[in-house]
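Please read them with the structure open.

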Amino acid sequence: MATKKAKAKSKPAAKKAAAKKSSRKVIQLLAKKPVAKSANGNGLPRPSTKPWGQAGLALHGVKILDFTHVQSGPTCTQLLAYMGADVIKVERPGVGDITRTQLRDVKGQDSLYFTMLNGSKRSITIDSKNAKGKEILERLVKHCDVLVENFAPGALDRMGLTWDYIHKTNPRMIVASVKGFGPGPYEDCKVYENVAQCAGGAASTTGFREGPPLVTGAQIGDSGTGLHLALGIVSALYQRTRTGRGQKVLCAMQDGVLNLARVKLRDQQRLAHGPLTEYSQYGESVPFGKATPRAGNDSGGGQPGWIVKCKGWETDPDAYIYFITQAPVWGPICDLIGKPEWKTDPDYATPPARLLRLKHIFATVEEWTKTMTKFEVMDKCNAVDIPVGPILSMKEIAEEQSLRATGTVVEVDHPGRGKYLTVGNPVKLSDSPQDVRRSPLLGEHTDEILRKVLGYSEKEVVEIRGSGAITAPEKPAKAEAA
């Protein structure tokens, strides 16, 4: 009995000794080779030792399932692709994104409308109504991190890609959508660029007060909302590192436009406390109405500004410059335009006094600017810190070498249409180079994605191709004339 008890006691003692030995080994190993994810004890990776710009792209490893078309959605996914995400654009076989053929300038080739919004992406063609096509989509949902769409309300659900289905198939999937309006009476309405500008408050405050509302040439409804959506996606990806689950991201075009026009909502509230003194109509004794008015070229930042003519304006529609009469540089302004006496004249010496005479002041400034080109005016003003902005035409921007050097304007080569210019990444990261490549041909990467991304075998790819899931239906042969 005594021997058995001794043996019984020795078993746990042996286990304890083995555990201590194992612990010592682990401690010795840790001492020899530090764990990579223990810097500062916060669980984050140690700083890369690779040279700046060679540690990979910012969104490397993020996989985007791109169901977008036209402009708002493609703006978002192109920016994510520039940041290094693998963007897989899903298109209808034989048709593709409608903008491939809209505003076409080279016969038989993808339009600039398409190429300038779909750079650095891969294209796969899938018939979502085909059984094999649905199988491919399911694999893509399982494989990707983010699904982005800007279909009409309800279209994604009709394809069978409901939130419940997606979340059940891939709980980590983020579903990001652009819609015209958020929840409310108009949420089922279709919205396009100019509709969004009007519904978001921008058009009512753009133009001259004597004229009708105007929309702006900047695509603040489509591209502006796409930029907002990209921020939402990156935020959701960051949150997923904590929660482990995806979520829905919604950007309404009306909301995006209003966000960009927020200073006009600011002015709407200021109206309750008196006239908007920085608006030209105040100095002209024109009464204000109940809503934020159109203000022509008035500055929205409180510093009086206006667009004035420069040398050559009679024949050049862009021979203009934006001139701001900023208070801290009023003295140099007076000296430049040949009115040094205005520095001490009580009618011009103070900002409140000048508000009543802005029309005359800018007319005087314009007489001076008309003697020089807009770039000569810019040189003289910048020398004394007077803020001005030359009206640059798209031709001038396309030819501006400094924008090429920074990657803001990029020339890429397309196999069908040749070289074309596109807008590069407007966001510059010091440790993440840009990835600006040409747009894909329709279905260019279909086989590559099926094999290398989704893991289909050669036999399966042949079967898929024969099923019609990735190819356009054959057109019936024309009957021969008798």
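Predicted model: local features only at pLDDT ≥ 70, side-chain atom pairs only at ≥ 80, totals over all residues.

1. **Overall make-up.** The protein has 19 helices and 11 strands. Of its 482 residues, 38% are buried. Take the contacts between residues at least 6 apart in sequence: 64% of them join residues at least 24 apart.

2. **Ser120.** This residue has a positive phi of about 65°, although it is not a glycine. Is Ser120 buried or exposed? Its relative accessible area is 3%, so Ser120 is buried.

3. **Asp385.** Here is another non-glycine residue with a positive phi, near 65°. Asp385 belongs to the loop between helix H15 (374-382) and strand E9 (388-390). Its relative accessibility is 59%. The cut-off for exposed is over 50%, so Asp385 counts as exposed.

4. **Helix H2.** How many residues of H2 (residues 72-82) are buried? The count is 11 of 11, and the helix is mostly covered. Among the buried residues are Ser72, Gly73 and Pro74 at one end, and Leu80, Ala81 and Tyr82 at the other. Cys76 is also on the buried list. Just after H2, Gly84 takes a positive phi of about 110°.

5. **Cysteines.** The structure holds zero disulfides. A disulfide would need the sulfur atoms within 2.5 Å. Cys310 is in no disulfide either; its nearest cysteine sulfur, that of Cys381, is 9.2 Å away. Cys251 is buried, at 13% relative accessible area. Cys310 is buried too, at 0%.

6. **H8 against H9.** Two packed helices are described by the angle between their axes and the distance between the axes. For helix H8 (residues 222-243) and helix H9 (residues 253-260), the axes come within 9 Å and cross at roughly 95°. H8 is therefore roughly perpendicular to H9. Which residues meet at this contact? From H8 come Asp222, Gly224, Thr225 and His228. From H9 come Met253, Gly256, Asn259 and Leu260. By class, the contact has two nonpolar, five polar and one charged residues.

7. **H18 against H19.** Helix H18 (residues 446-453) and H19 pack at an angle of about 140°, with axes 10 Å apart. Why is this pair not called roughly antiparallel? That label needs an angle over 145 degrees, so H18 is oblique to H19. The crossing is right-handed. Asp447, Leu450 and Arg451 of H18 meet Glu458, Val461, Ile464 and Arg465 of H19. By class, that gives three nonpolar, no polar and four charged residues.

8. **Arg465.** This residue lies in helix H19 (residues 458-467). Arg465 is partly exposed, at 38% relative accessibility. Leaving aside residues up to four places away in sequence, Arg465 touches Asp447, Ile470 and Thr471. Asp447 is also one of the H18 residues in the helix contact. Arg465 and Lys132 are 333 residues apart in sequence, yet their C-alpha atoms are 9.4 Å apart in space.

9. **Glu399.** This residue is in helix H16 (residues 394-399). Its relative accessible area is 48%, so Glu399 is partly exposed. How far from Glu399 is Val409, C-alpha to C-alpha? The separation is 9.2 Å, for residues 10 apart along the chain.

Definitions and conventions:
Residues numbered from 1 in each chain as written. Heavy atoms only, no water. Helix = DSSP H or I, 4+ residues; strand = E, 2+ residues; numbered from the N terminus. Buried < 20%, exposed > 50% of the residue type's maximum accessible area, 1.4 Å probe, protein only. Contact = heavy atoms within 4.5 Å. Axes fitted to C-alpha atoms, helices over the stretch in contact; angles between N-to-C directions. Parallel < 35°, antiparallel > 145°, perpendicular 65-115°, else oblique. Left-handed = near helix turned anticlockwise from the far one by under 90°. Nonpolar A, V, L, I, M, F, W, Y, C, P; charged D, E, K, R; others polar.
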